[in-house]
Structure formats: C-alpha cells, structure tokens
Amino acid sequence: EEGVVGGALSSGMRFVGVNIRLSGFEEARRLCVDTHVCELLLVLTDIGSIALAPETKAAYRDWRKCKRVMSFLSRLLYRIKLALPVRNPRKAPRVPASSGPVQVVPEHPRHPSEGEAVCARAEAAADGDLLCWGEDAPRAAASPAPSPSRRALASEATPAGGSDIEQCLDDLAHGQRDSSPVAFGPQQDKASAGSHLSREMEELMEGVCCMSALGLGDFLDRRWDKVRLGLDKRTFESASLSALFFASHRPMSSTLHRWPVRVFLFIIAVWFGSRAIIAVAHFAAKTEGEVFPPYRHYRLETTLTRNGNEGKGITGPGVSDFAVLGTSRCTPEASPALGSVAASDSDSEAAVDLLLPSSSEPIGSSFVVTYPHGRSMSGWYLRTGSEEGSEDLDPAVFVVWASNEDFEVGDGSCAAVRSESRWWKVSNEVSWCGAGWTRVGGPKWRLQGQFLNFNIQKARWWVWVQDPVRLTTDRAALQKFVLQPSIYHFLLTSNVAPTCFSCAGILVSLLLSGLSTNRISSFFPTPLVMLTSSLYASAFFMVVFSCISFALGLRHVAASSLSGGIVTLCIAYTSHSSRIVRGLWCCFLLHTVSTFAINWWLARSVFGPRNPIQGYMAGALAAGITIHRLRALRASKKLLEGDERKYSQLWDKVCSDEDNMAGIKHLEKVVRMVGLDDISDCRQHNRLLASHLPAPLKAKFLSHITPEKAAQVNPLLRELGRWYISGRADPQSQIVSLNQVYFQAAIANLILIERIKAWASQSSGMFRLEGDEDIFRDWNEIKADPRMVAKVCWTLMKGHDRSIEKLVRSYGSRPSRLVDIARSAIVFRSMENLTNCLGLIVTDHNVRVERLKNRLSLSYDAASETGGYRDVCVNLKMVDTEANTLGVELHLCEVQLILIEFAHVKNIGSGHRRYVRARNRKGM
C-alpha cells in the first residue's frame, strides 16, 4: 500500500504492512509476550536503500515534525466540526465490496526455504520501522549501507571528542556496522559485556521479563502508593494501636482504620457539631423579640473609670443619661415621629416600645431608671458626661442591673460605692437598697450558646466580660449597646463556620476510611487528606476571624479565635508526621495556657468564662496514647524476658572460656582496624550519570571512552542515551522505588550466595539443613554432595510485607534505607572461625564492606538493643564483574556472622515468633 491516499503518511514510500502476534512460538509464550501485536513492513530493496539514506532520514525527521503539527490541527478542526450542528448531513458513499474471491494466505513456514524473502532488521533512526529486503536481491553499488544494529555498535565504535555525553552516544551510534550478525542462540547465557550467567540468574531474568510483559513490573510501587495513601490495611493490622501513633510515616493514615480512633473522632464530631447546632438555634431564637423578661427598674453601675479610679475613688456614674432599648432597638431621639405617636397614643406598640422612663437619676456610682410598667430590653444606650473636662470620669467598666422589686434609697447609705472588692469581682445576683438585682449587661460580652444546653428559652446566651471599653471623648454623646447580634457578628464571634468545617471533615474521613477497600474510594480523596484539609480550612477561618475581630475592636473575640486557630493548625500539621503525639501534648498545653491567660485577662480568674475543651480533648487523647504505649513497651519486654535470660547465659558461658575471650578481643581489634563500626547511615543510591558530572570531569570521562568500554554498556541504555558510571553512586539520588530495590536485591542475592559459599568453605562455616537432626552442618562436609546442597536452607530475601512495615514504622517511607533485603547468615562453632570469616570478607576484592555492627563486643548493650541477641552484622556491596554488568554493584546487602549457640536459640522453638510479637507491639 502507499500509506494513506496521496502518500500523506509515508511520503510516497510503498510497502506492505503486516501486524502479527507471535502466538506460535514457545519462547514467546514462556516470556508472556504471545499476545503482543508487532508490525512487519515488507519493502523492496531499492526502496529500502533510498529510505535508509542519511539525507532521506534527515528529511524524513523534519517532515515528521511538520506532520505532527498538521495532524494536531487536523484533529482539532475535526473535533470542532463534530461539535458544530450540521444543517444538511449527507451519507458517506458506500464502498462496493470486492467481487473477487477471498484469498486465504497460508501460514508462513518457521524456517523459510532458500530464495524466499528473509526479513533482516534495519532500524531507522527516525521512527524505528522494520524494513525487509530479499536475501538474493542485488544491492546497488551506490546505495549506502544500512544503519548498524544497536547491539553491534560497541564493537567498532570510536570515541567522540565532544564535551556532551548525548552527542558522544549519538556519534557512537553512527559508527561503522559490524558485518557479523548478532548471535543469540549459543551465546544466550552471556550478558552484553560477555560475562556468563548462571541458570538461576537466567531464570530470574526470565521472570523479570514476564513480570514486565504482564504489567507487574511496578506492583510493589503500586502497593506502596496505596499504603502511603492509607488504602491498604494489611500493613497496619499487625502493629499495636499505640505503635501506629509512633510510626514514621503518617500515623493518622493507619490509625483511622482502628475502631477506637474512629469512635473517639466520632464523639468529637458529635460534640462540636451539637455545639454549633445549638449556637445556631440560640441565634434564631434570641435575635428576634425581647432578650430578657420585662423589668421595671434598670441600673447602670460604674466600677472603673477611664482614669483608673475604682471603689471609693468613683464619685458618680460618669454618664448624663441612661435607658434601655426596646425591640425596635431605636432611641427616642433617633425616631421623633414614633416619639410623637408614643406621646399621643400610649397603648400603641410603638408607644410601649419607646416608653420613656418615669424617673431617671444618678445615685452614688449608679444611674437608675424606672419605668411605670415592665420594660423588655434588647440593649441600652447612654450619654457621656455633659461637663467639659469630665472625660476621665467616663465609665470604662460598668454593670447593667435589672429588678422588679421596689427599692428605698433613704439616706443614700445603701447606694454607697463598693469598697470591699475590686472592679472585676462582680456576681450575677446582688442586693442593693433593699431589692434584688439581676445582671443583664456589661461593657463587653461573648456568646455562650455552644454549650450543650438544649433549653434554649431559659439558657443564658451572653457571658459578660470585664474588659474595659473606650467611650467617645465627645461630651453628651450618645452610645448604643445592642445585645442581639447580626448574622455577620454571630458568625464572626461564635466560630460556627470553622466548627462545621472540622465536624464535616471528621465525619467524611471516617466514612472514607470505611470505604478504603472499595473501588469507589478511588474517586475520593484519602481519609487523611480530607481530615487535614478540613482542619486547615477551620484554622484558616479562625485566623481570618481573629484579624477581623481585632480590627473591629473585639479584642477578647480575636484572642479566643487566634488561640483556637493556632491549636487547630498545630493538630493538622502534626497529623502528617510521626510527631503527632508530641503535637497533641503541645496543643493541650498551648490551648490550656492560652485559655487560662485569656480568662485572667477578662475576669481575673483562670477558671473564667472560657473552658479549654479542645485542649482537654487533645490532652486526653495524648494521655491515652502515652499510657497505652508504655503498656505495649512493657508487654514487649516481658515477651522477650525468657529469651533474654537464655542469651545472657550463653554470653556468660562464651566469655568464661579463655579462647573465646581472646577471640572476642581479637575481633574488636579487627573491627577497629577496619574502621566501619561507627557508621550508622547507609543508603541505597543510584548510579551516577555521566551527564551529571562537572564539565572538567565530564570531558575527562569522555576522553577515556574506548570501544571496549562502550561494549559493556547495555544496548537499551545506549538507545535511551543514558551513560552511567559503573561503581559511582550519585550522592544526590537515593533510590525511591521499592520495585527497583527489590529487583536489585534479587540479582545481588544470587551473587551473594556464591560468595557466601566461598567464605564458608575457607572458614568452616555452617548452614542449616532442612529436616537434618544436627540442624547445622559444615559446608565443607556437604558441598560435594548435590543432595545435601539442595537441602541447605539459604536465607530468604526480606518479605514484601516486612519491608513495607519497616518503611511505615521506622524508615520514614524512604526505600533507600532498606539495606537488608538481600541477606545471608553463616554459623560458626568458635570465635576463631568467625573472626577468620570476617577477615575474608573484608579482604575480598569482589565485595566492598560499607558498615560493621559488632554485637559481640564487650561494650555492646545487648539487653536494651536486641533483647540479648548477639552477632556480627556486615553491610556490603557486590563489586565483581557480574554485579557491574547487571547494574547491582551499588546495592547494599547484609551478612550475619553468628555463633552456633545463639543460632540454636534463635531458630529452635518459638523464639523468633515471640520476637515478631514483641516487635509488633513496639512498632519496630
């Protein structure tokens, strides 16, 4: 065919395209690629020679760039055309069916006979199409040779002199082609650098290929992503609840799946939600109509003046007029028309509302008004002193009292100024001049409707605050105090909106945690994200409300909102890290101390109008977690007490022998000579890219590239243009993929086993046999017997579940800290053999020791660190040719050198199971 009509796709090039599946090949089925669709292009020799010309490929690359732009514009116009309405749609012409018979193409033979067209692989640099030419077709002399295969590039590649690594690789890729074909059959046990692979390594590589073909190449990373998002509960089920709170990776993600935490959060949501609902109910019930029942007598008592006088220093109320406001919240001067109606018709509603007091006079430090009938109120108004220069006598703190009982002033002694108490010590009920008075007002107040009091009609909504107020300095100026807030002030002062955000976020997060194993959970945020988002939103609104309240002069409201906002922000921030318990304790202390400070500021008493309920709840949760944690640690230690006694007795027995004691001291000397016993930070790193080198080092590296070195680079890496420096770790690039760590560990583990055999052979090391009565056998005794070798229980790689547990509990979700996935152990009968093996490991040029943990040292505290267990732990890298070829020379492995006495206690009986139980309780 000619591509598309007119050659729009192939620029006039003619070929036959065939899509096939390799379903008939056993090798394809074994590698799980028998369902993969491939493309085969059959091209005549002359056409193929033209297509492979360098100038043709360069022009084709430029044409493809333009074609991509034109294709994008064409698709865009087509979609616009589909979106527009069609007025006169026409049917597309039908293509007539072919009248000839249908020809069935016979199956191609697997081994074509001589003279048939044989497809050879020639990879075009532009698009990588497969071109075929006839084996017996003569090639034109002037036709350029086809591009070399990527597998044969390294054989005749010449180093480039450029300073850029990509340009150097490109130059290597366009070197002269080697005429020898790439061999696959007889040399399939060799890597790209020529090293031979063992049968176990071939099986491993085949398994990796199958996993990639089946889409399982990143199955561990996918599971780890679910664990990090809190969608995989398997990792959290084994640990104790208190241990989850001390995990290094988002403790709240795992604790949200436990029912005690869910119940606690549900109680918190119900508590604060009911407070918000009751606050709204109070607002709806008490912002219309009267605030307090009708009273006949009202009294404004000044307790502190602007200049700071109190008690006997107050000579008068400091106001020239005082009265209460009715349901209209208007003063008589503000509505003169209604005042005239009140004067003419005393029975009308306006007249009752604007009824002037029958008497009003200052008495001592109070200003008393009396109404002929009961007078309901929604606030009050006052006028500052009328005399010039009386600003200092204006009230800064005052109390509004109300009474329905008649009072007698008499000689005025009952109205004398209070001298026995300070200005902030005011009760809600007092006796004055023979009558009982109820407190109904003050200079400032806060709303207390959020408490669980469902009797809205009788509940006290206002809490009076003894905070000085600044009246205007104008003389005889009117100042009004309205108790019924607007919706704006209600939302500003009651924190209903932040409370609703928090409660809604808690309830939705609990719902999502129950759906975490359901497919529907993928359409919603994770429970932790929903919880912290609601807390951040709540803290944001509290801080904003605090700023607005401070700008309006409501300092007590601003302080309360700011305190709550900081506490909520602290809880939201610490819920993402392992510091959540410490964050809860900090929230408890911060909110409690700030609330007590605000209470002292407003009422001169720490147990004042506000209660630190948020702080109490945070403290209760922190105390519960801490107590549970201490109990778990105690139970964990108790589980290991028996094993610890056994290990201690074994260690005392070992130390009692003079030869063993000499071996222990010699071992300490060897470890000090190596100098790796104090290194505590080992990480898995990626190879260093040559392109990341500084310019001078990059130029030096490129100048030393030889065909032999180029041959050691895998063709796939050359195709990607990535040239890694073997044996050089990139300190800025730690491994972040769990799949990558495990793939490296699987390869390194097979190489490590071969080195373990060599070390054990030279140091009389022993291994455990399956079903053997002696449990451990010397490797030199069994290595010649294939049946005995098959029974050796080699140490298995660390399981996926355990690795994910360590990432969550201890490693802060950093896979680079997993340095013991590939591991092995050698058992010895004496300290001499163990020390000899350590010397063999340190001096082996095939490995590089990175860290030593000498738990057989006399100074090592095994009781507190490992429950009495002792060994020598070596972290090393495999740096031989095979490891370099397979890219695992930087992978850290672990080798344990164990005395046989400790190995018996560790492996016989239920000692390890007890250790696992204790480990889960501690959250290690």
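Tutor: Let us begin with strand β5 and strand β6 (residues 366-377), which pair in the antiparallel sense over five bridges. S360 stands opposite V369 in β6. This is a predicted model, where local features need pLDDT of at least 70 and side-chain atom pairs count only at pLDDT 80 or more, while totals for chains, interfaces and linings use all residues. Residues are numbered from 1 along each chain as its sequence is written, and side-chain values use heavy atoms, leaving out hydrogens and water.

Student: Why are β5 and β6 said to pair?
Tutor: Two strands pair if DSSP finds at least two bridges between them; β5 and β6 have five bridges, so they count as paired.

Student: What makes β5 and β9 edge strands?
Tutor: The open sheet runs β5-β6-β3-β8-β10-β9, with antiparallel pairing. β5 (359-363) and β9 (429-432) each have a single partner strand, so one side of each lacks a neighbour in the sheet.

Student: Why are α19 and α31 called roughly antiparallel?
Tutor: Helix α19 (residues 641-656) and helix α31 (residues 900-907) pack at about 170°, with axes 10 Å apart. Angles over 145 degrees count as roughly antiparallel, therefore α19 and α31 qualify.

Student: Which residues of α19 and α31 meet there?
Tutor: K646, Y647, L650 and W651 in α19 meet E901, F902, V905 and K906 in α31 (contact means heavy atoms within 4.5 Å). The residues of this contact divide into five nonpolar, no polar and three charged.

Methods: Axes are lines fitted to C-alpha atoms, for helices over the stretch in contact, and angles run from 0 to 180 degrees between N-to-C directions. Helices (H or I, at least four residues) and strands (E, at least two) are DSSP runs, numbered from the N terminus. Angles under 35 degrees count as roughly parallel, over 145 as roughly antiparallel, 65 to 115 as roughly perpendicular and the rest as oblique. Ala, Val, Leu, Ile, Met, Phe, Trp, Tyr, Cys and Pro count as nonpolar, Asp, Glu, Lys and Arg as charged, and the others, Gly among them, as polar.
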